[in-house]
Amino acid sequence: MEFQNRNLGIPKYVSPLELSTVRGDNIFNFVDEREKFVLDLSNDNYSRCLEQGLNPVCLEKAGPRQHLFFDTDKTTAAIVTCGGLCPGINNVIRGIVMALHYFYDIQKILGIPYGYEGLNPEKGHGFIHLTPEKVKDIHQFGGTFLGSSRGAQKVSVMVNTLVKNKIDILFAIGGDGTLKGVDAIGEEISRKGLDIAVVGIPKTIDNDIDIIDKSFGFETSFDVSGSILRDAHNEAAGAFNGVSIIKLMGRDSGFIAASAALAMPVVNFVLIPEMDFKLEGPNGFLEALRQRLSQKRHAVIVVAEGAGQHLFEKRDVVKDASGNIQHQDIGRYLMEKIKLYFDDIQVTVKYIDPSYIIRSAPANSSDSVYCSRLAYHAVHGAMAGKTRFVVSKVNNQFVYMPISEVTKKRKKIDLESEFWFSVLQSTGQPFFLG
């Protein structure tokens, strides 16, 4: 068994890359279509496959192919960025442009402004002609050079725009909603029998895309958070019974909050969406906080934006343009509850929400490397005629996977995992809060 990637057809053009096909000559080899990686590396899975005579589920190795589907002299590519900002978007844009131009001599590369809106002619955004000269320095800045937007556009309209502008390859950089959108575009392209490849590069600062090791921008997010947590600790320690509450991004998953606490171990409590914690009661969060203050006279609390939503009164669900539930402000709620609970003693509470600063930061060195490699692999796969796939890292290997496989569910922290246990060891907070 393996995740089956879709192909537009049989590649018939010889790649212009002067790579090798033999081992031992110290030149990188073209990747053969038969090269795979096993998804589940556990001994249990290995034993089960042996006992039942099964082949393990495998993933297709990413990289340059010897034969291409697209004629490099006639190919037009386009890039679109959608959803919220995230460190590294500009690195990916730059990497795609450089790979198309210098590896495959693609001369026509279009930037689609303001997300999927740019594929709707009624919005009037037009296109940006991308060249190496135009994008050579954009990796030094956060945000997105192309602009972004949330919300869907009519699939048939977007496909017609691709056809009208003779676009052969569409690279979509975005999260869950963006990936579902470009997969829908690919489905419409297939229904019409068109030879247009669509490629997804997973982007979510929350690191909540299923199966893949990590999404780009995630490491930068908790790297930038480190100095904020350090300063918040100084703020809390500088007051008698000082409490600092820092709300970090994490709508459905608490990876940023948990990782930031591990990276800057001055945090005493981490509250994440995966936890069903209580405020009141002898084992609740507020009593645990009281014990912390009685011992150390200060506390630092990191809370993911999606944590504690069960504590609010039920209301009608409100969603943003991307279809994401708009959560209530758990950070401000905690601040108010702490002040009420400690009305018998002096407590100084500070609330910090640095989310928009963090997501707008430029990528750090680790993410910059990752973004460039994702971009290169995305280009290689697209030129070979692969479509409706994402390029990503799984088990520390770059692979191609169908978009549909990574959008089935969100990745969340396993509260029984060693990772979460490490967070509990770092903070010293109770295993259960209520």
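Trainee: Which residues of strand β9 point one way from the strand, and which point the other way?

Mentor: Ile 169, Phe 171 and Ile 173 point one way from β9, while Leu 170, Ala 172 and Gly 174 point the other way, and all of them are buried. In a regular strand, side chains alternate between the two faces of the sheet. This is a predicted model, in which local features need pLDDT of at least 70 and side-chain atom pairs count only at pLDDT 80 or more, whereas totals for chains, interfaces and linings use all residues. Residues are numbered from 1 along each chain as its sequence is written, and side-chain values use heavy atoms, with hydrogens and water left out.

Trainee: What makes β9 a strand that is mostly covered?

Mentor: Buried means under 20% relative accessible area, exposed means over 50%, and partly exposed lies in between, with a 1.4 Å probe and protein chains only. Six of the six residues of β9 (residues 169-174) are buried, and the strand is therefore described as mostly covered. Strands are DSSP runs of E with at least two residues, helices are runs of H or I with at least four, and both are numbered from the N terminus.

Trainee: How do you know which strands β9 pairs with?

Mentor: Two strands pair if DSSP finds at least two bridges between them. Five bridges join β9 to strand β6 (residues 76-81) in parallel, and six bridges join β9 to β10, also in the parallel sense. Ile 169 of β9 stands opposite Ala 77, and its bridge partner in β10 is Ala 197.

Trainee: Which strands form the open sheet, and what makes a strand an edge strand?

Mentor: Nine strands form the open sheet, in the order β3-β4-β17-β16-β10-β9-β6-β7-β8, with mixed pairing. The edge strands are β3 (36-38) and β8 (128-129), each of which pairs on one side only. Within the sheet, β10 (residues 197-202) and β16 (residues 389-394) pair in the parallel sense over two bridges, and Val 199 stands opposite Phe 389 in β16.

Trainee: Why is helix α7 called largely enclosed?

Mentor: Seven of the nine residues of α7 (residues 255-263) are buried, so the helix is largely enclosed by the rest of the structure. Its buried residues, including Phe 255 and Ala 261, pack against α6 (218-237), β11, β12, β13 and α13 (418-427).

Trainee: How do you know what span to expect for helix α8?

Mentor: The expected span is 1.5 Å times one less than the number of residues. For the 12 residues of α8 (residues 285-296) this gives 16 Å, and the end C-alpha atoms are 16 Å apart, which agrees. The buried residues of α8 fall within an arc of 155° seen down the axis, the arc being that of the directions from the helix axis to the C-beta atoms, so they line one face of the helix.

Trainee: Is Leu 334 buried or exposed, and what is it in contact with?

Mentor: Leu 334, which belongs to helix α9, has 0% relative accessibility and therefore counts as buried. Contact means heavy atoms within 4.5 Å; leaving aside neighbours within four places in sequence, Leu 334 is in contact with Ile 245, Leu 271, Leu 279, Phe 285 and Val 303.

Trainee: What makes the charged end of Lys 214 count as sitting over the ring of Tyr 370?

Mentor: A charge sits over a ring if NZ of Lys or CZ of Arg is within 6 Å of the ring centre and within 35 degrees of the ring normal. The charged end of Lys 214 sits over the ring of Tyr 370, 4.9 Å from its centre, and Lys 411 lies over the face of Phe 255, at 5.5 Å from the ring centre.
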